[in-house]
Amino acid sequence: MVKNLISVVIVVYNAKQTIKFTIDSILGQTYEAIEIVIIDAKSVDGTVEIVKSYGNKINYFISEKDEGVYDAMNKGVMAANGEWVFFLGADDVLVDENIFSNIFNSSKYEGIDLLYGDVVLTSNNKIYGGERTYMSLVDKNICHQSIFYKKNIFNKIGKYNLDYKILGDFDFNIRVFENTTLKTQYINKVIALYNNKGLSSYTLDKNFHKQILITFLKDKKKPFFTPELQQHHFYFGIINLWNWKILVAAKHIFASWVCGKRKLFYFLFTGKFLLRILTFQKIKIK
């Protein structure tokens, strides 16, 4: 294995309009120890042809049906040869051509299992990130577009759980931070420009939010109004509201209004989701 080789994994389906920018942002890096792994879910829009046009600049490419984004990410992990694995969305780009060099040529990260920084949200140009503890991570996930995982971390705690269709990376990161034998480190750098209007914008992961609430309220005996559970109360409530389980929905949505740091946000956000529900606008629950 090449020392500090970074396997950049791109999971893609029908991204003809953006995939070239993503690949070019990797190929333009001044850091040399990079391989590109692309897992395509049988795209039909011309994405495959664009990827193939790069020839041997793409180290590994497969196009086949999968069981969702986390199945594809697991395939990417299996195909990766690097010491580090980094996931970049097919509509995201690295912040500049020197970001990998600035991180891996200037510092040593021996013993670090998960190294993470920040992203810029393309919807509003704001920086999303900051250092996390275990409980602050439960409240607020880290974008995987800003995380470098040691390859062997997947042997230690397993792969992405396919039961979670939208937030499998959230679950994985929680498992990492919960494991006291694993070491994480934050670096105060923007890693990528992240398109935050993609798959998860109005798609809710019913299994994930339910399991978080069960884990902390039932198994860990945390109080119902634990601040870090605010978003999980909200989304679990919206899922139940969508299914017309009004009493359950009301209890959890109310909890999101009175606990945590973003009470007003979730109060107003409830109105936005109610409008979508009442007007039969697009909300996906997986």
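Biologist: The crossing of helix 9 and helix 11 is right-handed. Before we go on, what kind of model is this?

Modeller: Residues are numbered from 1 along each chain as its sequence is written, and side-chain values use heavy atoms, with hydrogens and water left out. Local features need pLDDT of at least 70, side-chain atom pairs count only at pLDDT 80 or more, and totals for chains, interfaces and linings use all residues, this being a predicted model.

Biologist: Thanks! Are helix 9 and helix 11 roughly parallel or roughly antiparallel?

Modeller: Helices are DSSP runs of H or I with at least four residues, strands are E runs of at least two, and both are numbered from the N terminus. The axes (lines fitted to C-alpha atoms, for helices over the stretch in contact, with angles from 0 to 180 degrees between N-to-C directions) of helix 9 and helix 11 (residues 263-278) come within 11 Å and cross at roughly 20°. Angles under 35 degrees count as roughly parallel, over 145 as roughly antiparallel, 65 to 115 as roughly perpendicular and the rest as oblique. That angle therefore makes helix 9 and helix 11 roughly parallel.

Biologist: And how is helix 9 oriented to helix 10?

Modeller: The axes of helix 9 (residues 230-242) and helix 10 (residues 246-258) come within 7 Å and cross at roughly 155°. Helix 9 and helix 10 are therefore roughly antiparallel.

Biologist: Which hand does the crossing of helix 9 and helix 10 have?

Modeller: A crossing is left-handed if the near helix is turned anticlockwise from the far one by less than a right angle, and right-handed if clockwise. Contact (heavy atoms within 4.5 Å) is made by residues including Phe234, Ile238 and Leu241 of helix 9 and Val248, His252 and Ile253 of helix 10. The crossing of helix 9 and helix 10 is left-handed.

Biologist: Where is Asn14, and how accessible is it?

Modeller: Asn14 has a positive phi near 50°, and it is a residue other than glycine. It lies in the loop between strand 1 and helix 1 (19-27). Asn14 counts as partly exposed, with a relative accessibility of 29%.

Biologist: Why is helix 3 described as largely enclosed, and how many of its residues are buried?

Modeller: The buried residues of helix 3 (residues 69-79) include Tyr70, Met73 and Val77. Among the elements that cover them are strand 1 (6-12), strand 4 (84-87) and helix 7 (168-178). Helix 3 is largely enclosed by the rest of the structure because its buried residues number eight of the 11.

Biologist: Which residues are buried on the two faces of strand 4?

Modeller: In a regular strand the side chains alternate between the two faces of the sheet. Both faces of strand 4 are covered, with Trp84 and Phe86 buried on one side and, on the other, Val85 and Phe87.

Biologist: Which residue of strand 8 stands opposite Phe86?

Modeller: Two strands pair if DSSP finds at least two bridges between them. Opposite Phe86 stands Phe148.

Biologist: How many bridges join strand 6 to strand 9?

Modeller: Strand 9 (residues 184-194) is joined to strand 5 (residues 93-94) by two bridges, running antiparallel, and Leu94 stands opposite Ala192 there. Strand 6 (residues 114-121) runs parallel to strand 9, and Tyr116 stands opposite Tyr186. The number of bridges joining strand 6 to strand 9 is seven.

Biologist: How many disulfides are there?

Modeller: A disulfide is a pair of cysteine sulfur atoms within 2.5 Å. Cys143 counts as buried at 11% relative accessibility, and Cys259 counts as buried at 3%. By the distance rule, the count of disulfides is zero.

Biologist: Last one: how far apart are the C-alpha atoms of Ser136 and Val120?

Modeller: Ser136 is in helix 5 (residues 134-139) and is partly exposed, with a relative accessible area of 25%. Val120 is 16 residues apart from Ser136 along the chain, and their C-alpha atoms are separated by 20 Å.

Notes. Buried means under 20% relative accessible area, exposed over 50%, partly exposed in between (1.4 Å probe, protein chains only).
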